[in-house]
Structure formats: structure tokens, C-alpha cells
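Please keep the sequence and the structure at hand while reading.

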Amino acid sequence: MPSFDTVCEPDMVEVKNAVENTAKEIGTRFDFKGTSAAIELKDKEITLLGDADFQLQQVDEILRNKLAKRNVDVRFLDKGPVAKVGGDKVKQVVKVKNGIATEDGKKIQKLIKESKLKIQASIQGDAVRVTGTKRDDLQAAMALLRKEMTDLPLSFDNFRD
């Protein structure tokens, strides 16, 4: 029975390279000289540091440009609140989304059920497996998910016949 998995996984190697390129640009840009502007990646969390909110926005903009150049969807980034750190410095933690949350999985499942296609969707951990009898129905489901779930950067793996 044909099937595929709907997943939400960034290419972490490209994310790491984008963070490193951003750090390199921060080190060479004239407007960041003598400031505490910095960026670092630990596991799936990117920490932005700066002297003011304006600097954080600049660092974030550089990061987004670098991610876009490396074909990483910026919808993977989940910004946290801006927090004050000792003195006048500020920091912001940006989480890199990985996997489909249960509520989003349920939305996908409901969307497929309402589509009247002869396919089934089941939540398996942080992925949603879609099975059906015809390949055309599965391809229609992929098109439907791409069109309806615009807030998630979905990709489709393990397409099997």
C-alpha cells in the first residue's frame, strides 16, 4: 500500500553553517565593532546577544538572510521573548522547530479526513504517515497539505509504492 511521511525537519548542518557565517559577518561589520553583538548555536537553540533591541533585530536579519541563501525555511525559527542580561545588554533565544507538534498533527489528520480522498493519516511520533490505495490520491494529499498548512515548513519523506 503506497504511503509517505509528512515531517517538519530542518537541515541542521545548513543551520549551523548559517549561524557561523552570521557570527563571521558580525565580527567584520563596522557598526558592530566594540559592541557585545554575538550569536551562538547550542543543540536546537540559537542565542542572539546585543547591546539593544535594535542590534538584536540587525543580528536576526543577518541570520535570516544567511538561512535563505542556504535554502533553509525561516518558518523553522520560533522567536522567544527579549530578555535583559546584566546592565544594558539584551538576549533572545530562537528555537529551531523540529518535528510536528501534536495539535498540528491533528490538524493535518482532520484536513486529510475532510478532503474526501481515499487515504488515511496516522500520527507517529513527530511525523504524520499518510497511506492510500492510489499514488494519485497521495500526490493530491501532498498538494493539499502544501496549500493549506502554510504556517509549517512541511516536507514529505519515505514515499513508498
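Which residues does Gln92 touch, not counting residues up to four places away in sequence? Gln92 touches Ile46, Thr47, Leu48, Leu56, Lys79, Gly80, Pro81 and Val82, where contact means heavy atoms within 4.5 Å.

## Basis of the report

This is a predicted model, in which local features need pLDDT of at least 70 and side-chain atom pairs count only at pLDDT 80 or more, while totals for chains, interfaces and linings use all residues. Residues are numbered from 1 along each chain as its sequence is written, and side-chain values use heavy atoms, with hydrogens and water left out.

## Overall form

The protein has 4 helices and 8 strands, these being DSSP runs numbered from the N terminus (H or I and at least four residues for helices, E and at least two for strands). Along the sequence they follow the pattern β-α-β-β-α-β-β-α-β-β-α-β. The radius of gyration is 20 Å, well over the 15 Å that the globule rule gives for 161 residues, so the protein is more spread out than a compact globule; this radius is taken over C-alpha atoms, and the rule is 2.2 Å times the number of residues to the power 0.38. Taken along the principal axes, the C-alpha atoms fill a box of roughly 65 × 25 × 25 Å.

Of the 161 residues, 37% count as buried, which is to say under 20% relative accessible area, with exposed being over 50% and partly exposed in between (1.4 Å probe, protein chains only). The protein exposes about 9,500 Å², of which carbon and sulfur atoms supply 48%, the areas coming from the Shrake-Rupley method with a 1.4 Å probe. Among contacts with a separation of 6 or more, 59% come from residues 24 or more positions apart.

## Helix 2 and its cover

Helix 2 comprises residues 53-69. At 1.5 Å a residue its 17 residues should span 24 Å, and its end C-alpha atoms are 25 Å apart, which agrees; the expected span is 1.5 Å times one less than the number of residues. Its buried residues are Gln55, Leu56, Gln58, Val59, Asp60, Ile62, Leu63, Lys66 and Leu67, and what covers them includes helix 1 (12-28), strand 2 (38-42), strand 3 (45-50), strand 4 and strand 5.

Gln58, one of these buried residues, has a relative accessible area of 18%. Leaving aside neighbours within four places in sequence, Gln58 is in contact with Arg29, Asp31 and Phe32.

## The hairpin of strands 4 and 5

Strand 4 (residues 77-85) and strand 5 (residues 89-96) run antiparallel and are joined by 7 bridges, where two strands pair if DSSP finds at least two bridges between them. They form a hairpin with 3 residues between them, and Gly87 in the turn has a positive phi of about 75 degrees. Asp78 stands opposite Lys95 of strand 5.

Gln92 belongs to strand 5 and is buried, with a relative accessible area of 8%. Although Gln92 and Gly80 are 12 residues apart in sequence, their C-alpha atoms are 6.2 Å apart in space. Val82, by contrast, lies in strand 4 and is partly exposed at 44% relative accessible area; not counting residues up to four places away in sequence, Val82 touches Asp53, Leu56, Val90, Lys91 and Gln92.

## Helix 4 and its buried face

Helix 4 (residues 135-148) has 14 residues and reaches 20 Å from its first C-alpha to its last, close to the 20 Å expected at 1.5 Å a residue. Its buried residues are Asp137, Leu138, Ala141, Met142 and Leu145. Seen down the axis of helix 4, these buried residues fall within an arc of 145 degrees, so they line one face of the helix; the arc is that of the directions from the helix axis to the C-beta atoms.

On the other side of helix 4, Asp136, Arg146 and Lys147 are exposed. The cover over the buried residues of helix 4 includes strand 1 (3-7), helix 3 (102-114), strand 6 (119-124), strand 7 (127-132) and strand 8 (155-160).

## Residues with positive phi

Most residues other than glycine have a negative phi. Asp43, in the loop between strand 2 and strand 3, has a positive phi near 50 degrees and counts as exposed at 73% relative accessibility. Asn158, in strand 8, also has a positive phi near 50 degrees and is partly exposed, with a relative accessible area of 40%. Asn71, which follows helix 2, has a positive phi near 60 degrees.
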